[in-house]
Amino acid sequence: MKSIPMLVGMLLTAGAMGTAQAQQTPAKKPLTHDVYDLWKSVDGDSLSHDGKFLLYAVNPQDCDGVLHLRNLTQNSSKQFPRGYRQAFTANNQFAVFQVKPQAAVVRQAKLKKKKAEEMPKDSLAIHNLENGTTQHVARVKSFKLPSQNGEWLAYHREAPLASAKPAARDTTKAKMATPTPAAPPARAGARGGASAADPTELVLRHLPTGQEYKFDRVTDYLFAEKGNLLYFVQAAKDSLKAGVSAFNTSSRSTTSIDSGRQVYKNLATDRSGEQLAFVASKDSASKDLKYFQLYHWTTKDRSAKVLADTAYKGMPARWMVSEHAQLGFNDKGDRLFFGTFPRPTQYEKDTTKLEEEKVNLDVWTYRDPLIQPMQLKGLEREQKRSFMAVYDLKGKKMVQLASPEIPDIYLNPGRSADVAVGISNVNYLLSVGYDTPSRQDAWLIDLKDGSKRLAIRDTRGTPRLSPAGKFLYWYEPQDSSWKAMSVKANVPTNLTKKLSVPFYDEQNDVPSLPDDYGLTGWTKDDAYLLVNDRYDIWRLDPTGKNAAVNITDGFGRQNKLQFRYMSLRPSQRVIPVDERIMLRTLDLKSKNSGFYTDHVTASGAPQKVLMEAYNYSGVRKARNSDRVIFRRSTFQEYGDVWVSDTKFESPQKVSNANPQQSEYLWGSVEQVDWKSADGIPLDGLLFKPENFDPKKKYPMLVYFYERNAETLHNYRAPAPSASTINIALFVSQGYLVFVPDIVYKDGYPGESAYNCIVPGVQALVAKGFVDEKNMAIQGQSWGGYQVAYLVTRTNLFKAAMAGAPVSNMTSAYGGIRWESGMSRQFQYERTQSRIGGTLWEKPMQFIENSPLFYAPKIETPLMLMHNDNDGAVPWYQSIEMFMALRRLNKPVWMVVYNGEGHNLMQRKNRKDLSVRMSQFFDHYLKGAPEPAWMKKGVPNLVKGKEYGLELLEEPATATPAPGQQPGNPTTNPTTVPASQR
């Protein structure tokens, strides 16, 4: 027998070991609303061209982030607080980025109501990748790097503070002679951001030596791709004139290109960097209508030449050069594209009337091509509308391409073709708002003389030019076919009509023509067009002479795999036929994803590279290396950055954005299936709490929109809600969350939702782990409508929350989507609302699908959110429902966030809604105390002073809905998970 002291010693040791283990592995905590700021995201991940270095930022949802620089060869890293807008130089020798001021410092400056120029500003950091040193420059608002030259950096500084000591006047600089080199900048603190249009100092830095050249009064600047020239605009100041100049980085000399105009805009250079285009005006910046001229300069010229003006040959009568159009050269550099517009009528101000005597009104007529709200929304766009023209630099000739009748012009990639596509919906504008897909005509326009030829009349597709400019091509929804037409002929060829597989969306369930599955691209010299069906990729001969070939050999359709081409060279315009191509692959049954490879012209089934139970995304390859970075995620694993090679062998995780997740209860997700009331097989997602016990019963939230099963492997970060439940949060707090897929029958959207959702819920209840007495539903927008409809059909749910729902289709149908100015008619007739006809054609279906008309049947407590600046669903839709239920003395609440739109944008409001939704569901499903805002409301008299979020002291018993039984009580539902209750 062991002695008593020995036994006690063993017990003490065991206890100490147990205590030590407990300290090493503390119990996990449930997620709460105050942990949102702990969760971070990875942004801006990019590789150096040689693949040796990686930049990525880890940013919290609020406050300051950290920029990470990783040396992938040495497996070492550096961190830079608040770094962003990061980039590598083309020679892999430097990383350059801006640094934000500390969020706390900015907040204090705002509290002190500092002027904009006194606010903390960004700084610039220049990090040498070879020796690891970093230099900082204070008060920098932007920087630019040439894409093909790693030796130069240009950065635009903020205006100096008024309190700063002024520098000595540099008269050499002011006269635009070669500037004097400046010493490298001293290390300075981080400050950031201002408008690039402010005339301030521009600094050009030679990175290998640190030598700098400074130019004052700069408003805009542009590098040539090769970095051989830096172009910049200077504003006028005192006796100094405004002008455009070029700095030659080889000769280190400055050339004045033009000066003396009042306004210079829109710098554009060709690929060689030796040609510059811009527009300029002699009129002052304050003048309402400024007359601009188009200028052109080459390194062989002594000064810029005017190519186009109001009176130049080729300019339509009473037209002028636009200041708003983007200028651009073609790849060859022999054509310059610019914009023009008709000279607007000038109206004299009526000084004989007071402002209050002037009439303000809108006149609506049935002859208006666009209704007044659309005109109002598009007013600024119309005021800045320009019509494309081209200048032939060799033939010295201007050709007008676009016109009010054919306003939109599309060029082939590289702008090398002698033709362009003109698109016009002018003849169909009256049908905008109810006819979708929209209709338009397509014209072929000769760039040499501007002659036009009608190519396609009344198409619902979007015709474009092939890369080499030999063909027009488009998907035609009216016959669900891909078509092509030689630009030399006027006869379209149907490329897919004889194929047995559909190229339209096989899952289309709206009363409109189905969309296509997308374009893969073209091969070199327009030899083949590659398009997608639901599963596979097809090679089509645009002439129609050769039979179509399934390049993935039907392997996708046979195995329910969806193949999509993934370019590892973003700048590549055509798909290579002499090498294997990478295909991003999704298993449509398991939702696993990965990569296969295949060949455009060689036969043989696709070859698997990788397929796993992850969502793979964001694949990018280094320009001069086989190294790739990518993201992979599941519900339980955030999509961090991983690095590998193009074979995806031995992948390594690089970032670790959310290590704190291990401290919190999380959960799992699985795919579930059932059949709708109509016998349609359906999929859905079921999220379960951590340590799920199938022998227990859990409260369940049901969230839905349309189809979500393909998001099985998506990570869902804890974050304040813009409008919907945060799944991770509720699962962590012991809820089941069910996300069912829904398929729709034209004319019966509400019943379709009921027939899919309710059987899915019943199938889960039958498994025995759902507390059928404590279930709720939530949805936003279209999901909100379905919530409002469901509670008129069933008392299955104990509570419901609907965000921005349509409650009355009869009143919504004739309304306006104020964010776009469009009539809402198209939505009900042809798209999401799925009625399939007008109000006068199908009045009963509008009524039967409108929850408002069945308000007396609602017994479920309903929470509404609808904001007073909602431009998608008018907020009076929720007002109608609220007023009906209030009059019927039904339990209903509505929260309205002032000035917010369809979804919440302000973080403070998102946090507030998240808390209120939790309180609402916890009260009804977990028996939590009722918050003051539900019990007593928040009178307008105390608005902004009281928020009603405090829980009222009362017995912890669930409040039953009419006709329902009380739920299971709990004392702390927002923090205690199901496994600990």
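Buried means under 20% relative accessible area, exposed over 50%, and partly exposed in between (1.4 Å probe, protein chains only). The model is predicted: local features need pLDDT of at least 70, side-chain atom pairs count only at pLDDT 80 or more, and totals for chains, interfaces and linings use all residues. Residues are numbered from 1 along each chain as its sequence is written, and side-chain values use heavy atoms, leaving out hydrogens and water.

**View A. Phe-730 and Phe-921 form an edge-to-face aromatic pair.** Rings of Phe, Tyr and Trp (its six-membered ring) pair if their centres lie within 6.5 Å; planes under 30 degrees apart count as stacked, over 60 as edge-to-face and the rest as tilted. The structure holds 44 aromatic pairs. Here the centres are 6.1 Å apart, with 80 degrees between the planes. Phe-730 lies in helix H7 (residues 727–732) and Phe-921 in helix H14 (residues 907–926), so the pair ties together parts 191 residues apart in sequence. Helices (H or I, at least four residues) and strands (E, at least two) are DSSP runs, numbered from the N terminus. Both Phe-730 and Phe-921 are buried.

**View B. Helix H14 is largely enclosed by the rest of the structure.** Of its 20 residues, 15 are buried. Just after H14, Gly-927 takes a positive phi of about 75 degrees.

**View C. Phe-278 and Tyr-295 form a stacked aromatic pair.** Their ring centres are 5.2 Å apart, with 0 degrees between the planes. Phe-278 is in strand E17 (residues 275–281) and Tyr-295 in strand E18 (residues 292–298), 17 residues apart. Phe-278 is buried, at 0% relative accessible area. Tyr-295 is buried too, at 1%.

**View D. Seven names make up one aromatic cluster: Trp-39, Phe-635, Tyr-638, Tyr-664, Trp-666, Phe-687 and Tyr-715.**

**View E. Charged ends sit over the rings of Tyr-614 and Phe-769.** A charge sits over a ring if NZ of Lys or CZ of Arg is within 6 Å of the ring centre and within 35 degrees of the ring normal. The charged end of Arg-632 is 3.9 Å from the ring centre of Tyr-614. For Lys-688 over Phe-769, the distance is 5.3 Å.
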